Amino acid sequence: MIPIKPVSQLTGVVRPTTDISQIPQDVATKFLSPGSLNLSVLPPLSLYIHFPWCVRKCPYCDFNSHEVKGSFDEDAYLAALRADLEVSLPLIWGRKIYTVFIGGGTPSLMSAAGVDRLLSDIRTLLPIDGVAEITLEANPGTFETEKFRSFRQSGINRLSVGIQSFNSQHLASLGRIHNGDDAKRAIDIAKTHFDNFNLDLMFALPGQTLTETQQDIEMALSFAPPHLSLYHLTLEPNTYFAKYPPAIPDDDTSAEMQELIHAKMAGAGYVNYEVSAYAQPGKASRHNQNYWNFGDYLGIGAGAHSKLSFPHRIVRQARFKQPKVFIEASMAGNAVQESNEIDARDLPFEFMLNALRLNQGFPVNLFQDRTGLLLNSIEKELQLAEKKGLIQRDHQTISPTPTGRLFLNDLQEIFLRDV
């Protein structure tokens, strides 16, 4: 899962916020009180579950993941997840879950019985749509045929496999625990038990050539995956790579890699529906599409984030990040460390930060439906973006132009308002 961060974390802009970190039953009452927004319809709701452990912390990773030191207490963590979900129920009464995503970390480290227990708890506590997309992230270094067969039988119907590369040297430079042969074996197992799965690949890796990028893409396509996510390696703050940056391809070479990827994917019949996502027809990630359409999501687990809409406000929450602290807080009745109402001034930027990632754009009425603000409240910004050739619009749709896709950060920042 791609983390969705509050606007203040992305820009450094700090807004005055209303601190509403209280027991959720009391918070629910406050959330339903009169406020500045007017949302006539609540968005679709997804569930995100964070599993915080991995075998080894990758040097490029800035997610909330922690190396397993011998073992982890699966029973205690699953109990804490259930407690977190139970306490959160008043915030989402009467709402159906349309997608579930179990991310991490490395969720495939869980036992088959653990995943079965988790999904059983979710089905017991929540109304799940009959055709819900239920995804589990998996690391090729953790694939076991019998365990993944059990995952499918328990209700997981989509895998997201972190391949990153088929080149063993590049995998070693990325700190991955698998090699190229492991990657291929993992895909074979995924294809055996799942008809819907995603492969994650990265490019612009340390020392990677254009030819090696092409080899990775062609190898991935040889498995005919329903979905491919292709990410440019970025040196994120507070990671090992940020402190000790490796030599990576220059901007011109990276641009050539992107052009090659797009041509290869289009030639194979994949639709580039979002900046980094390519899918066969009908196989776009429904969970991620809900993010990009500024839908709602309840996040449970260590460090998980939520975005929840109410008739008169939109709220973001963050759970405690350290697994031990999260377990203790959750079992004590409230795993939420931060809970704040999104300021109306930030909503246009937050909406566009997501919706403009979609190459086809968004229906014009979606802005008001998701933010409770009138579209004409951002007419000045829309006109500026249009004048610069970054968006195109008519009475039905607003979408980024090819230039807008190339300069997406510049386009999104047009909607960032000063204090």
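1. **Model and confidence.** This is a predicted model, in which local features need pLDDT of at least 70 and side-chain atom pairs count only at pLDDT 80 or more, while totals for chains, interfaces and linings use all residues. Residues are numbered from 1 along each chain as its sequence is written, and side-chain values use heavy atoms, with hydrogens and water left out. The protein chain averages a pLDDT (the predictor's confidence in each residue, from 0 to 100) of 92. At least 70 is reached by 94% of the residues. Residues 1-21 have a pLDDT below 50. Beyond near neighbours in sequence, that stretch has 57 contacts (heavy atoms within 4.5 Å) in the model.

2. **Nonpolar cores.** A nonpolar core is a set of buried Ala, Val, Leu, Ile, Met, Phe, Trp, Tyr and Cys residues joined through side-chain atoms within 4.5 Å. Buried means under 20% relative accessible area, exposed over 50%, and partly exposed in between, with a 1.4 Å probe and protein chains only. The largest core has 69 residues. Within this core, Ile 156 and Leu 159 touch the most other members. A second, separate core has 25 residues, including Leu 37, Leu 390, Ile 398 and Ile 414. In soluble globular proteins, nonpolar side chains tend to be buried together.

3. **Around Leu 159.** Set aside residues up to four places away in sequence. Leu 159 then touches Thr 135, Leu 136, Phe 143, Phe 148, Ala 190, Phe 194, Asn 196, Phe 197 and Asn 198.

4. The structure holds 17 salt bridges (a side-chain nitrogen of Lys or Arg within 4 Å of a carboxyl oxygen of Asp or Glu). One of them joins Asp 121 to Arg 82, with the closest N and O atoms 2.7 Å apart. Asp 121 lies in helix 4 (residues 112-125) and Arg 82 in helix 3 (residues 74-88), so the pair ties together parts that are 39 residues apart in sequence. Helices (H or I, at least four residues) and strands (E, at least two) are DSSP runs, numbered from the N terminus. Asp 121 is buried at 13% relative accessibility. Arg 82 is partly exposed at 28%. A network of salt bridges links Arg 82, Glu 86 and Asp 121.

5. **Salt bridge between strands.** Glu 341 pairs with Arg 313 in a salt bridge, the closest N and O atoms being 3.1 Å apart. Glu 341 is in strand 14 (residues 336-341) and Arg 313 in strand 13 (residues 313-319), so this pair ties together parts that are 28 residues apart in sequence. Both Glu 341 and Arg 313 are buried.

6. **Start of helix 8.** Leu 210 belongs to helix 8 (residues 210-222). Leu 210 is partly exposed, at 31% relative accessibility. Neighbours within four places in sequence aside, Leu 210 contacts Glu 256, Met 257 and Leu 260. The C-alpha atoms of Leu 210 and Leu 260 are 8.3 Å apart, across 50 residues of chain.

7. **Two sides of helix 15.** Which residues of helix 15 (residues 379-387) are buried? Glu 381, Leu 382 and Ala 385 are. Down the helix axis, the buried residues fall within an arc of 100 degrees, so they line one face of helix 15. That arc is taken from the directions from the helix axis to the C-beta atoms. Their cover includes helix 13 (347-355), strand 16 (391-393), strand 17 (397-400) and helix 17 (408-413). The face turned away from the buried side carries the exposed residues Lys 380 and Lys 387. Just after helix 15, Gly 389 takes a positive phi of about 75 degrees.
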